[in-house]
Amino acid sequence: MMTTMPGDEARLREAADFVREQDTTTLFPLLLPGLDGPELRTLADRCRFAHAALLVFPPDPPALRAALAGCGLDPDASARPSVVVRERLALRHGRPATELDVRILRPAVEGPDGVRRTVEVFALTVPPGSGLAPVAAHERAGQHESHLAFEVERPDPLVLRGLCAVFARHGALPDGGGYNPHEDGTVFYFTAPPDAKAGYRRVELYVRGDHQDVLAAHLEEQRARQPAESLLRLLTGAWTTQALAAFARLRVPDAMDPDTGTAVGALARTVGADPRSLGTLLRYLTMLDVVAEDRGGYRLTASGALLREDVPESMRPLALMYGGPFYESFAGLGDTVRTGEVAFDRLFGENHFDHFARHPELAELFDRSMAAGSRMFAPLPAHPVLTAAGRAPGAGTVVDVAGGNGELLGRVLTAHPRLRGILLERPHVIEAARRSLGAAGCGERCAYRTGDFADVPPGGDVYILSRVLHDWDDERCREILRHCSRAMPDHADLLVVERVLPADGSVSLATAWDLHMMCNVGGRERTAAHYAHLLGDAGLTLVDRSPLPLDGSVLHARKQPAPRAAGRGSGT
């Protein structure tokens, strides 16, 4: 005997009738009371009513097909996985997402204007006696997934933000959303305002394609209205760091494909991991958009691919460093705030430069992690100072002070074939720099100097201090800058690459790095005015400042003009 779903079938019929009777221009004023004429025209021009949605719980697939047919809907409509609703159910009910095989069907309905629309049916099969029965009962009572949807036509980020702003202005609040890779579409959910008269409490904007930036702002606004949830997410940030570090340390990204999903079992065999534990890690990383479910397995996203070891500018070393030594010392942040002592020094008994110098494997990891952040100085070779030096008669010289493994100097010399370079570094770093610059084809144009800041070589045309000054306190910075100033000819330029703290307190990566430098290094980030003061104390003048990626800046300085001798006046 065929099982039935009478309660769900009644709601299904009601949704189908609603879609047949409504159109875009009549629905928006019901959903957003108070819309004025221009706003309604904007919404109607950019959006079209697409569907009404509901979540049903058939006991088996034949019962669902019978219910669809009984409502005049196509019983053979194709079904796809519903990523967004599955994740919402998992979060609401504290269940593993793998237990919730939610499918999405879209049988077609013709509206009053002859336009084809759909009824969006989310279906979670709940056989009689299933442990999912409490989930079904709760969801039927709450109708959390019932909503009306509008598809955005001709979308771009500016339009999407504007539409979200109109919704917010009329009391519709962000209520989740997500990207469904199975159909390459992004959804933005809103709670309808209390005075809405459409009979649905939730509204969806559906946009074809992946719109992660706008979606992230939408979800952040939702979290901001839920302080307990927001705080809980912040408190579990350490889990994210360690999940990414473990993912990189086990070399899982290197075993994955960015285009095709790989089964968890196959990945576990390749990297030598427990399949169940690896599956749990990958599910977590799916929430971070590091991996994505695909064809019964997982594939790398663009972000996850950066953790492969074999990609240009791999961020794997950063994951290992932030999830390794610096992670351990960050546990002492409270002591640093209380005493002013550097947590890294307290934990390891010495500063990080000396500690890494005594552990070659850590020194290599640190230098590779610094190179992994090279996106920040990618535009630097095009700076006018370097461009002018590269075009000047004769072979100009660029001196990279504490230049690490030569990543930045190699970029400069590659961009300007007439320039020569000098790299000043500690002994254990020089050999890595030789290999790096040799591989870049610049080795023959570069000289290597072993030494400290007191050994800055004289006679260069351009001097570079990249991410150096933030390692030190003000007095040591003055000393470093004075060494540079003494070595610089009068015509030379100094380029300082740092993250500069915004003077207005706006959000910046420099603020996060300021905390990191305090805890792990004993240094600090500074404002542009602060750097100008330090440069002035060393006999240098800040000429200008240019932005770099990742909230970086390049500060251009030159030697202060020598004071003019006072003229001899005539006596009277």
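Helices (H or I, at least four residues) and strands (E, at least two) are DSSP runs, numbered from the N terminus. The model is predicted: local features need pLDDT of at least 70, side-chain atom pairs count only at pLDDT 80 or more, and totals for chains, interfaces and linings use all residues. Residues are numbered from 1 along each chain as its sequence is written, and side-chain values use heavy atoms, with hydrogens and water left out.

**Exercise 1. The whole protein**

Task: State how many helices and strands the protein has, and what share of its residues is buried.

Solution: 
- Start with the elements. There are 26 helices and 18 strands.
- Take the extent next. The C-alpha trace spans about 110 × 70 × 50 Å along its principal axes.
- Now the burial. Buried means under 20% relative accessible area, exposed over 50%, and partly exposed in between (1.4 Å probe, protein chains only). Of the 572 residues, 49% count as buried.
- End with contacts (heavy atoms within 4.5 Å). Among those with a separation of 6 or more, 69% come from residues 24 or more positions apart.

**Exercise 2. A sheet of 7 strands**

Task: Give the strand order of the open sheet of 7 strands, and name the strands at its edges.

Solution: 
- Write the order. It is β14-β13-β12-β15-β16-β18-β17, with mixed pairing. Two strands pair if DSSP finds at least two bridges between them.
- Find the edges. β14 (446-450) and β17 (540-548) each have a single partner strand, so one side of each is left without a neighbour in the sheet.
- Neighbouring strands are turned by 20 degrees against each other on average, direction ignored.
- Zoom in on one pair. β15 (residues 462-466) and β16 (residues 493-499) run parallel, joined by 5 bridges. Tyr463 stands opposite Leu494 in β16.
- α22 (residues 407-415) lies across β12 (397-401), β13 (420-425), β14 and β15, and runs at about 175 degrees to β13. Axes are lines fitted to C-alpha atoms, for helices over the stretch in contact, and angles run from 0 to 180 degrees between N-to-C directions.

**Exercise 3. Positive phi**

Task: Say in which loops Arg251 and Glu313 lie.

Solution: 
- Begin with the background. Most residues other than glycine have a negative phi.
- The loop between α10 (237-249) and α11 (252-255) holds Arg251. Its phi is positive, about 60 degrees. At 36% relative accessibility, Arg251 is partly exposed.
- The loop between α14 (302-305) and α15 (316-322) holds Glu313. Phi of Glu313 is positive too, near 55 degrees. At 30% relative accessibility, Glu313 is partly exposed.
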